[in-house]
Amino acid sequence: MAKPTFEEVSTEEAIQRWNDSTEKFANILGTPLDPFDRQTPDWYDLDNWVLRINNGFVVGMAGWKDYGDFAVLGGMKAIEKDHPSGLGGGNAKALLDYRKQKIGSKPKIAGLRSSKMPQEAWVDYNVAQGFEMAPEDAKEQVPFGLVDKFTERYGDDWGILKTTPWWSIVKNYEPEWLI
């Protein structure tokens, strides 16, 4: 089996290729169609997209928009772990890790709305990946107008992923060999 790869594409290409792959899975394996239909307000537009490709199939996609001091994440779609193709599992985490590496240590805000798994499980998964849900200091991390919009749209099901640079951890730890 080939190693999964990543490919950065336009919004239109990401959606088209995801929908093409889900149609191929349906035709070959009889799985239900899982089309991507992003219904979000203009303030949640994403202009960068990455696909995860395995054996010629798009097995995941995710988007982001970089605003300089912070970024907005969204549009995550990945085939489930027990997908009959055998290509499921680890795709969502791989896409999140790809975006973390690409965007760097700035705060990343995302609204969480599941289309496949129970909502609570999706929120719990993202908390396990490092998201802090509706944090009190959110308005110090991203513009307060955006925090209000996420709260209005998602209630408490939005969060901020803060990445602490390794030197901050070392600086705060102060082991004897560092002093």
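## Ground rules and overall fold

Because this is a predicted model, local features need pLDDT of at least 70 and side-chain atom pairs count only at pLDDT 80 or more, while totals for chains, interfaces and linings use all residues. Residues are numbered from 1 along each chain as its sequence is written, and side-chain values use heavy atoms, with hydrogens and water left out.

The protein chain holds 6 helices and 7 strands, taken as DSSP runs numbered from the N terminus (helices H or I, at least four residues; strands E, at least two). Along the sequence they follow the pattern β-α-β-β-β-α-β-α-β-α-α-β-α. Of the 179 residues, 40% count as buried, where buried means under 20% relative accessible area, exposed over 50% and partly exposed in between (1.4 Å probe, protein chains only).

## The largest pocket

Let's start with the open space. A pocket is an open set of points, on a 1 Å grid over the protein atoms alone, where a 1.4 Å probe fits, with protein on both sides within 12 Å along at least five of seven lines; lining residues have an atom within 4 Å of a point. Volume is the space filled by probe spheres set on the points, which are joined across faces, edges and corners.

By type, the lining has 16 nonpolar, 11 polar and 10 charged residues; Ala, Val, Leu, Ile, Met, Phe, Trp, Tyr, Cys and Pro count as nonpolar, Asp, Glu, Lys and Arg as charged, and the others, Gly among them, as polar.

## The second largest pocket

The second largest pocket has a volume of about 160 Å³. Its lining consists of 14 residues, and Pro-32, Asp-34, Glu-80, His-83 and Lys-116 lie nearest its centre. Helix H1 (residues 11-29) provides the largest share, 4 residues.

## Aromatic pairs

The count comes to 11 aromatic pairs, with rings of Phe, Tyr and Trp (its six-membered ring) pairing if their centres lie within 6.5 Å; planes under 30 degrees apart are stacked, over 60 edge-to-face and the rest tilted. One of them is edge-to-face: Trp-43 and Phe-150, with centres 5.1 Å apart and planes at 65°. Trp-43 lies in the loop between H1 and strand E2 (48-54) and Phe-150 in helix H5, so this pair ties together parts 107 residues apart in sequence. Phe-150 is buried, at a relative accessible area of 0%.

Tyr-44 and Tyr-154 also form an edge-to-face pair, their ring centres 6.2 Å apart and their planes at 85°. Since Tyr-44 lies in the loop between H1 and E2 and Tyr-154 in helix H5, the pair ties together parts 110 residues apart in sequence. Both tyrosines, Tyr-44 and Tyr-154, are buried. One aromatic cluster is formed by Trp-43, Tyr-44, Phe-150, Tyr-154 and Trp-158.

In H3, Trp-122, Val-123 and Asn-126 are buried. They cover an arc of only 100° around the axis, which puts them on the same side of H3; the arc is that of the directions from the helix axis to the C-beta atoms. Glu-120 and Ala-128, on the other side of H3, are exposed.
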